[in-house]
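Open the model in your viewer and keep the selection panel to hand. The tour goes one stop at a time.

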Amino acid sequence: MNAPDNHLERRARELYREAARQLDPATAARLRAARRAALSSADGSSLAQRLRQLLLPAGAFAAIAFAALMLSSPVQGPTGGAAGLSPVTEADGELPPDAAAADPALYQNLDFYGWLAKNGDSQASR
């Protein structure tokens, strides 16, 4: 596996050296000037610019994600209920919210109350 890689690398170096020898002086001077300019601009300011380019989109994404999270989660009020929702009444659930305060006789006939809830409307129309 190394033999083809070495052959390719050796051939590339030969081609580079041959092209460098055949290069005219004006083009070589322009290439050297471009290389010097590229190396001189590669100081710390370039790093700061790259950080700004990275941190600006990351900060914007974090702000949007935070806003979406805050908008999608319900706000808890002092009673523990979600803000903007109507309070739960006894008719909303099957059992009263406070089982200790309810009449125990209600729990003795739960099957009857279930049957009545299902068939109450159909029996009343007869």
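Start in helix α1, with R11 and E14: they sit three residues apart, which means about one helical turn separates them. Helices here are DSSP runs (H or I, at least four residues), numbered from the N terminus. This is a predicted model, where local features need pLDDT of at least 70, side-chain atom pairs count only at pLDDT 80 or more, and totals for chains, interfaces and linings use all residues. Residues are numbered from 1 along each chain as its sequence is written, and side-chain values use heavy atoms, with hydrogens and water left out.

Show the side chains of R11 and E14. They form a salt bridge, with the closest N and O atoms 3.7 Å apart. The cut-off is a side-chain nitrogen of Lys or Arg within 4 Å of a carboxyl oxygen of Asp or Glu. R11 is partly exposed at 42% relative accessibility. E14 is partly exposed too, at 39%. (Buried is under 20% relative accessible area, exposed over 50%, partly exposed in between, with a 1.4 Å probe and protein chains only.)

Next, select E9 and R13. Their side chains meet in a salt bridge at 2.9 Å, N to O. They are four residues apart in helix α1 (residues 2–21), so about one helical turn lies between them. By this rule the count is two salt bridges.

Now select L106, L110, F112, Y113, W115 and L116. Together they make a nonpolar surface patch of about 560 Å². Patch residues have over 30% relative accessible area and no salt bridge; nonpolar side chains (Val, Leu, Ile, Met, Phe, Trp, Tyr) are joined within 5 Å, like charges within 9 Å. Helix α5 (residues 110–124) gives the most, five residues. L106 lies in helix α4 (residues 105–108).

How values were computed
Accessible areas come from the Shrake-Rupley method with a 1.4 Å probe; for residues, only the protein chains shown count as cover. Helices (H or I, at least four residues) and strands (E, at least two) are DSSP runs, numbered from the N terminus.
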